Amino acid sequence: MQARARAAGDSQQVDVAPDDASRHTTPIDAQNVDFLGVLEAEDDEVRRRAESLQRRLRDRELREELVAEDFGGPAWKRFAEELARYGVAVMLAWLRTGEIFVQCKRKGWPVGTSPSTWRDDDQIDLAHDTVVAAINLFKRDALKKGGWSWEGGASLKTYFIGACVLSFPSIYRVWRNHHADELKCSALGLHTDLETTSGDLLAQRAPQPETIVTLRHQLEGGLDELPDPRTRTAVLALALGYSYDEIAEILSTDTEVSRGTVAQLLIRHRRRIGKGTDQ
Amino acid sequence: MTDSTVVETNRVDDLIEGSSFGTPGARSLRERTSPTVARRLANRAARHDLTGRAGGEISNELYPLIEPAKHGDRDAIDAMFKHLRPVFFRYCRARLGRPFSTPDGIAEEVFVQVFAALPDYEDPPALFLKSVYQRAFAAVDEVQSQALSGIPNGPEAPPQMTQLLNRLSKLQREVTVLRIVVGLDARDTALLLDISAPGVRSAQHRAITRLRKLIEIEDVSLPA
């Protein structure tokens, strides 16, 4: 079934059809779209795009709510907490898999590669500092100054994660300068002090540092043979216990990655190494 | 929590769940971070915002430009220069007075140093404006000390207003120049001088009171 929506008045029209223009080119009236109808569409791609558009429209409503109280009321307070929850989870996944270094390099702001051994508490501190900086950057640029607009195609979530990537290099450099000696010792195998995490931090369901180190060793050979950083991150994230839906989020930066894409990446990887899938 | 606050919070929760932060994957990731940690971080972000330790208007404009500019992004470098130029031309002119060729030349020299060192800049972005200010401050001080030592071809004696500024304490003088002549907000001024924003306002008040007294005592002729 081809997704259709009727244009109404002079409201904005958005094409939610796949990039292949020959298949679905009917523009959707973003203000009056029949989302139920579109969501029932058999074409996964059209359904995914319609859902993405619907969520961007709700992003706009959310922003309007925050603007109405001038970012000083309970709505912003509540939203800032959810930004922190989401941002910390993504940053920790990116730090544990090394994806953050790939992201910084892709943006043209390289900060080297992931230290071979570092403590889980270090990663948590970096994730926290980055998210604090990103929340304020996001509030100022995306929300107050209008840097984000739903018509632009990116969601609020994508813009926020962009603010995290932008905030990371300077925070990491300062951290790296302060820990230069420790990192050298770790690299030489002279430092084995893996501190235990506090109750609050355990609530973030952090894998134990030993787990990550062991995992890296186990995967070391195989990871080097992976064709692209995206598959590498997906494989590591899966091994660290993230679900397919979560891995799709972790891989969604400039563009959204679907659960299906993650499944395909992992199936291809398993075929390459000669194993079946189990999820 | 009042009934209206509960209704408001529920409405925001509904909006968040319907937004791009409400996808199954995003919701699942959010649940990995404890609400206590999230609340603490949101409060930290709010404190940074309120105290201005993360900077005022100019610092905030510079913040997102620094990383791209460090890596040679021409647009980012141009935008940084656009923000920095008026600040430091005004600063050097206020500290050294006419003829403006000397202060303008010093400001330009500072910019050359700053942009040449930009690829190696490793401090937090919020402190970038401060690093430029420190260079400008040092360069102006050097020129003034040359003038005081009577070095040939040194700058001419500064005009009356600049002389008056030089009779304030160092903190009062810098606050007056940065706030009134340069036009920085209290947050940026606080960041540059390593004091709090209320401290800036109090120093500014004392400086103006002192200037008023000096003008009365010295019978300074004010411009028409």
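Predicted model: local features only at pLDDT ≥ 70, side-chain atom pairs only at ≥ 80, totals over all residues.
Residues are numbered from 1 along each chain as its sequence is written, with chains lettered from A in the order in which they are written. Local features need pLDDT of at least 70 and side-chain atom pairs count only at pLDDT 80 or more, while totals for chains, interfaces and linings use all residues.

**View 1. The largest nonpolar core has 106 residues.** A nonpolar core here is a set of buried Ala, Val, Leu, Ile, Met, Phe, Trp, Tyr and Cys residues joined through C-beta atoms within 7 Å. Buried means that 20 or more other C-beta atoms lie within 10 Å of a residue's own; with 12 or fewer it is exposed, and in between partly exposed, the C-beta atoms being placed from the backbone. Look for A:Met91, A:Val131, A:Ile135 and B:Ala136, the members that touch the most others. Helix H3 of chain A (residues 74–97) gives the most to this core, 15 residues. Because domain 2 (70–205) and domain 3 (207–279) of chain A both give residues to the core, it lies between them; these bounds come from an automatic or database domain assignment. Helices are DSSP runs of H or I with at least four residues, numbered from the N terminus.

View 2. Contact means C-beta atoms, placed from the backbone, within 7 Å.

**View 3. Helices H11 (residues 244–251) and H12 (residues 259–273) of chain A cross at roughly 95°, their axes coming within 8 Å.** They are therefore roughly perpendicular to each other, a label for angles of 65 to 115 degrees. Axes are lines fitted to C-alpha atoms over the stretch in contact, and angles run from 0 to 180 degrees between N-to-C directions. A:Tyr244, A:Asp245, A:Ile247, A:Ala248 and A:Leu251 of H11(A) meet A:Arg259, A:Thr261, A:Val262 and A:Ala263 of H12(A). Six of the residues in this contact are nonpolar, one is polar and two are charged.

**View 4. A:Phe71 sits in the loop between H2 and H3 of chain A.** A:Phe71 has a positive phi of about 55° although it is not a glycine. With 18 C-beta neighbours inside 10 Å, A:Phe71 counts as partly exposed.

Methods. Helix = DSSP H or I, 4+ residues; strand = E, 2+ residues; numbered from the N terminus. Parallel < 35°, antiparallel > 145°, perpendicular 65-115°, else oblique. Contact = placed C-beta atoms within 7 Å. Nonpolar A, V, L, I, M, F, W, Y, C, P; charged D, E, K, R; others polar.
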